[in-house]
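Please read them alongside the structure.

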Amino acid sequence: MPKALVIDPAVTRQRDSLAVPPIPVHAYDVPFADALTLHGAETLRDALRHMVLIREFESMLASFKATGAYRGVDYAYRGPAHLSIGQEGAAVGAALALAPEDYTFGSHRSHGEFLAKGLGAIARLPEAELDGIMARQDGGRLREAAETAVAGEGRALAETFLMLGFLAEIFMRATGFNGGMGGSMHAFFPPLGCYPNNAIVGASAGIATGAALRRRLAGEAGICVAHAGDGATGCGPVWEAMNFAAMGQLSTLWEAPFDGGLPVLFFFTNNFYAMGGQTSGETMGWDRLSRIGAGVAPNALHAETVDGTDVLAVADAVARKRALLVDRQGPALLDVECYRISGHSTTDANAYRSRDELKLWEAHDPIARLATSLIDAGALAEDGLAALEEEAGRRIEAVTRAAVDEALSPSVDIVAHPVLIGDLMFSGGETPVPDAPSTLTAPREASAALRKLARKSRAGRDADGAPLSPMRAITLRDGLTEAILDRMERDPRLAAWGEELREWGGAFGVTRGLSDVLPYHRLFNAPISEAAIVATAIGHAMAGGRSMVELMYADFIGRAGDEIFNQLAKWQAMSAGQLKLPVVLRASVGSKYGAQHSQDWSALIAHIPGLKVIYPATPYDAKGLMASALASDDPVVVFESQRLYDRVEQFRHAVPAESYTLPLGVPEVKREGRDVTVLTIGPSLYPALDAARDLAALGVAAEVIDARSLVPFDYAPVLASVARTGHLLVVSEASERGSMAQTLAATVTRHGFASLKAAPIVLGAPNWIVPGAEMETTYFPQAHDIVDAVTAEFYPDRKPNRRGVRDWDGLSLARRGL
């Protein structure tokens, strides 16, 4: 779309052939003596010790799952244990080449990667910094437990602190790194660069990419590593993330110092199995995983296949890729081949592989390989490995005893705090627009679109009270635009991306004109990759930024289902409130385009705990609620009706030019009445107002309340209205079955039952596909449908002598799809 990139047929139509750069496979060939000189004997002995600690840690978990005991400690561990025994060389080798400031994002099988990164950071950070990290964590409570568990100080104490905090989290104890809210597959500890593990296969790819974006925009040192298994190469979101990190615009359009491929390393721990399905030869099309890099970028993502059983080969490869990323030549891909000795999980019977295959890999144990090399070089005593194993057993036993000790590692007390998890769902925090200089690249007046907006009337009616044309007055679209621009101008942490968001101004013009005053790195077009759009927004926010992304149509939410439902909605609570996710996700609710582009999925989003949801219907509300969403430190999903973009203000004298906020969750009375309460969601407000005028002619005074927000939702104004009217009708354009309208009606019935004179009515769309434009008025509730519902159910003596297209009386529940 940018005019600077000309599509020249003279170039694109040339006869040519594509060449793929060579992809090295097991190319590491450094003599051990040279590696010993490079790293030093102490560093390599430490690497061996780290691998031994990791294996003993995981063997402890395996023992608990198999027998309920470990070294005389009885404990019934009921959680998951996806072990990486045999893969320690990959984890420790990577950590050997990473800096403390680098971030790693894990998978469901990332105990080893978590511990390796933490142990590596502890080995490199100054002891004073380690002391500060331990003192700040949970007010020093975990440090005290670590000191009690294992005598030691300095780095030794920090290692105990790491292992105890991780194990306490796995055991869901209050002293765990996530306060017991994350567990085995979701643990993290950012002070040591250990960002979240992730239970969803491949999910860290997009999140790590977003964190890398934030690091680039913030000018921070360090790279991000996305850990995944070989099975993740079958997941679409992984491919989306790799493409996002390699977008051409990063080099062709973005200006220094923000240009260049993103500093993210896609590190595939390839153990040849995705659970029980063998990847190469069975479930995937590739023979070598590294081959997939050639399908993403001309440089094949600098892809390479590495021997993951050789800790030195892994360290060498990661060091070389890290140098490329720091030099702005990212992203990069590593296929790290190793072998999982343990099963996929502790219930794995190994039915998919033979004993002979397992035996073949015994000679390639990463611990034995490094130990043998050190002994042969005279850098480790003959009994050195046995001594390390004995020491690891003692340390892990001590850590384990502390982790199961209620005095040192108390369980999460849900009995005493029954709403503890509920209190963690939202931070409730807000970050006001910073009082900072403008970050615009040009004054607003430099944009023709913004000049046109500035000339519009702030009021929606003329002097005689007649509605103004959307060409002359501020519309709902304009209110959104102003709120977004006000925030982006003053908050350099906020970046926005989505489908056609820049020059096009978004498919429906909400960001029109912003490209004239904002640089590419603050506002850019994303690939048509809904999963990556949302996942990168999460990572960007997790790493300290603020994100606003657009999916164009609400119907496309399904393409980002995991990212919205399992990632965006959950990380604040799974972190016990330590992580903040200031993400605004915009999605328009379509019109005229039929079944796949006109669905109201607000109930689907509202159903997922951890997401705030707003659905403004007026310009004033749109501007104020969007400003609040952008200020929120919690994730907010904004539904925008395409039929309302051109609505002008009808309820207030004017939409203020200055920035303002409105509280999320507070419905507002748009028309007062005494006979029936009509609660509307989104665009249903306007047919409800038309119906209220028709009802008034029949002697029924309807009070119309606009929900404005769905999560949170303050029921007090609605209950107060029902207490006056005795009747409730909830109107929505969403399908009735399972809708938010049903939830609202049920809750009002429960808490306002004494005030009700009749059962509430829910009037929504039928549970059918959305038809095309010609039939929309027969599908979405219209004013006459509302009049019919009110008079038929609440005031039959006022029933008009006509029937709308919805003759529900003559249609069975089954026919209606209920």
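1. In which strand is the place of serine 588? Serine 588 belongs to strand 14, which covers residues 583–589, and the model in which this is seen is a predicted one. Because its relative accessibility is 2%, under the 20% limit for a buried residue, serine 588 counts as buried.

2. The polar surroundings of serine 588 deserve a careful look. Its side chain reaches the backbone oxygen of methionine 552 at 2.4 Å, and the side chain of serine 588 also makes a polar contact with the side chain of glutamine 642, at 3.0 Å.

3. Turning to the rings, the structure holds 27 aromatic pairs. In one of them, phenylalanine 272 and tryptophan 361 have ring centres 5.7 Å apart and planes at 45 degrees, and the pair is therefore tilted. Phenylalanine 272 lies in the loop between strand 6 (264–270) and strand 7 (273–274), while tryptophan 361 lies in the loop between helix 14 (355–360) and helix 15 (366–376), so the pair ties together parts that are 89 residues apart in sequence. Tryptophan 361, with a relative accessibility of 25%, counts as partly exposed.

4. Tyrosine 620 and tyrosine 660 form a stacked aromatic pair, with 4.9 Å from centre to centre and 20 degrees between the planes. This pair, too, links distant parts of the chain, since tyrosine 620 sits in helix 24 (residues 619–631) and tyrosine 660 in the loop between strand 16 (636–641) and strand 17 (668–671), 40 residues apart. Both tyrosine 620 and tyrosine 660 are buried.

5. Further ring features can be listed briefly. One aromatic cluster is formed by Phe57, Phe114, Phe161, Phe166, Phe177 and Phe189. The charged end of arginine 502 sits over the ring of tyrosine 520, at 3.9 Å from its centre, and lysine 612 lies over the face of phenylalanine 426, at 5.3 Å from the ring centre.

6. Not counting residues up to four places away in sequence, alanine 212 touches Cys224, Leu262, Pro263 and Val264. Alanine 212 and proline 331 are 119 residues apart in sequence, and their C-alpha atoms are 9.7 Å apart in space.

7. On the overall fold, the secondary structure comes to 29 helices and 22 strands. The domain assignment gives domain 1 (32–112 + 185–391), domain 2 (448–644) and domain 3 (668–815), and the centres of domain 1 and domain 3, taken over C-alpha atoms, are separated by 55 Å.

Conventions
Residues are numbered from 1 along each chain as its sequence is written. This is a predicted model: local features need pLDDT of at least 70, side-chain atom pairs count only at pLDDT 80 or more; totals for chains, interfaces and linings use all residues. Side-chain values use heavy atoms; hydrogens and water are left out. Helices (H or I, at least four residues) and strands (E, at least two) are DSSP runs, numbered from the N terminus. Buried means under 20% relative accessible area, exposed over 50%, partly exposed in between (1.4 Å probe, protein chains only). A polar contact is a pair of N or O atoms within 3.5 Å; within protein, one must be able to donate a hydrogen and the other to accept it, and residues adjacent in sequence count only if both atoms are side-chain atoms. Rings of Phe, Tyr and Trp (its six-membered ring) pair if their centres lie within 6.5 Å; planes under 30 degrees apart count as stacked, over 60 as edge-to-face and the rest as tilted. A charge sits over a ring if NZ of Lys or CZ of Arg is within 6 Å of the ring centre and within 35 degrees of the ring normal. Domain bounds come from an automatic or database domain assignment. Contact means heavy atoms within 4.5 Å.
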